[in-house]
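Please keep the sequence and the model in view while reading.

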Amino acid sequence: METSANNIMLLKVAQKDTTSCGVSMDGIWQKRGYSSLNGCVSCISVDNGKVLDIEVMSNFFRMCYNMPNSKYRSKHACQNHKGSSSSMEKVGAYRIFEHSEMTRNLQYTQYYDDGDSKAYDAVKVIYGENTVTKLECMDHVQKRVRSGLRKLKKSRKGLGRKG
């Protein structure tokens with residue numbers, strides 16, 4: 001991931017300590033729905049297509065609960081997310097953006113997402129006012145428009161029938 005970040009700085013011919021770049025963020029969960037205990041948020045460069053950072057999120061870690069009450073249990077912290085699994089993507093994206101300058105010397109100023117998360121709201125002012133711009137993938141926009149039109153078509157068919 002450090003090599004990917006260095007490649008971006010070379011690609012953009014960085015003139016200063018921190019380089020601006022665009023990233024695509026997305027989250028994935030262990031299981032579908034809002035009941036997953038584990039997830040992962042990835043940050044991929046749109047400039048070179050390589051992973052820049054990941055944040056593994058966990059609400060629960062079985063080993064901690066299986067350990068007897070001992071001196072090790074109090075020192076061991078596996079759970080790194082408290083909250084709903086639907087908020088994992090937002091929290092993970094914030095953590096990635098938060099340490100991007102320190103760990104990668106990058107500012108993620110263009111945020112590409114799939115339109116199904118609230119992560120942008122968490123990071124839009126992280127570097128200052130109006131520093132992160134949200135851009136959406138056209139394929140995802142088209143997919144949402146098509147599914148919206150299908151739902152509208154089904155609801156209109158249902159109005160004409162007597163049940």
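Arg95 has a relative accessibility of 24%, so Arg95 counts as partly exposed. This value, like the others here, comes from a predicted model.

The side chain of Arg95 forms a salt bridge with that of Glu55, at 3.4 Å from N to O. Arg95 belongs to helix H4 and Glu55 to strand S3, so the bridge ties together parts 40 residues apart in sequence. Glu55 is buried, at a relative accessible area of 14%.

## The other salt bridges

How many salt bridges does the count come to? It comes to three. Another of them joins the side chains of Arg104 and Asp53, at 3.9 Å from N to O. This pair also links distant parts of the chain. Arg104 sits in helix H5 (residues 100–104), and Asp53 sits in strand S3 (residues 51–58). They are 51 residues apart. Both Arg104 and Asp53 are buried.

Lys124 and Asp121 also meet through their side chains in a salt bridge, with an N to O distance of 3.9 Å. Lys124 has 35% relative accessibility and therefore counts as partly exposed.

## Helix H4

Which residues of H4 are buried? They are Met88, Glu89, Gly92, Ala93, Ile96 and Phe97. Viewed down the axis of H4, the buried residues fall within an arc of 155°, so they line one face of the helix. The general rule is that an α-helix has 3.6 residues a turn, so residues three or four places apart point the same way.

What do the buried residues of H4 pack against? Their partners are strand S1 (19–29), strand S2 (38–45), S3, H5, S4 and helix H6 (119–123).

## Aromatic pairs

The structure holds four aromatic pairs. One of them is Phe97 with Tyr108. Their ring centres are 5.3 Å apart and their planes stand at 85°, so this pair is edge-to-face. Phe97 lies in helix H4 (residues 88–98) and Tyr108 in strand S4 (residues 106–113), so the pair ties together parts eleven residues apart in sequence. Phe97 counts as buried, at 1% relative accessibility. Tyr108 is buried too, at 0%.

Tyr111 and Tyr120 have ring centres 5.8 Å apart. Their planes are at 45°, so the pair is tilted. Tyr111 counts as buried at 0% relative accessibility. Tyr120 counts as buried at 16%, because the cut-off is under 20%. One aromatic cluster takes in Phe97, Tyr108, Tyr111, Tyr120 and Tyr127.

## The nonpolar core

The largest nonpolar core has 20 residues. Those with the most contacts inside it are Val23, Met25, Leu52, Phe97, Leu106, Tyr108 and Tyr111. Helix H1 (2–11), S1, S2, H4, S4 and H6 each give two or more residues to this core. In soluble globular proteins, nonpolar side chains tend to be buried together.

What does Met25 touch, leaving aside its neighbours within four places in sequence? Val41, Ser42 and Cys43 are among its contacts. Glu89, Ala93, Ile96 and Phe97 are also in contact with Met25. Tyr111, Tyr112 and Asp113 complete the list.

## Gln107 in strand S4

Gln107 has its place in strand S4. Is Gln107 buried or exposed? Gln107 is buried, with a relative accessible area of 19%. The cut-off explains why: buried means under 20%.

Its contacts, leaving aside neighbours within four places in sequence, include Thr18, Thr19, Ser20 and Cys21. Ser100, Glu101 and Tyr127 are also in contact with Gln107.

## Cysteines

How many disulfides does a search of the whole structure find? The search finds zero. Cys43 is in no disulfide. The nearest cysteine sulfur, that of Cys21, lies 7.2 Å away. A disulfide would need the sulfur atoms within 2.5 Å.

Cys43 is buried, with a relative accessible area of 0%. Cys40 counts as partly exposed, at 24% relative accessibility.

Technical notes: Residues are numbered from 1 along each chain as its sequence is written. This is a predicted model: local features need pLDDT of at least 70, side-chain atom pairs count only at pLDDT 80 or more; totals for chains, interfaces and linings use all residues. Side-chain values use heavy atoms; hydrogens and water are left out. Rings of Phe, Tyr and Trp (its six-membered ring) pair if their centres lie within 6.5 Å; planes under 30 degrees apart count as stacked, over 60 as edge-to-face and the rest as tilted. Helices (H or I, at least four residues) and strands (E, at least two) are DSSP runs, numbered from the N terminus. Buried means under 20% relative accessible area, exposed over 50%, partly exposed in between (1.4 Å probe, protein chains only). A salt bridge is a side-chain nitrogen of Lys or Arg within 4 Å of a carboxyl oxygen of Asp or Glu. The arc is that of the directions from the helix axis to the C-beta atoms. Contact means heavy atoms within 4.5 Å. A nonpolar core is a set of buried Ala, Val, Leu, Ile, Met, Phe, Trp, Tyr and Cys residues joined through side-chain atoms within 4.5 Å.
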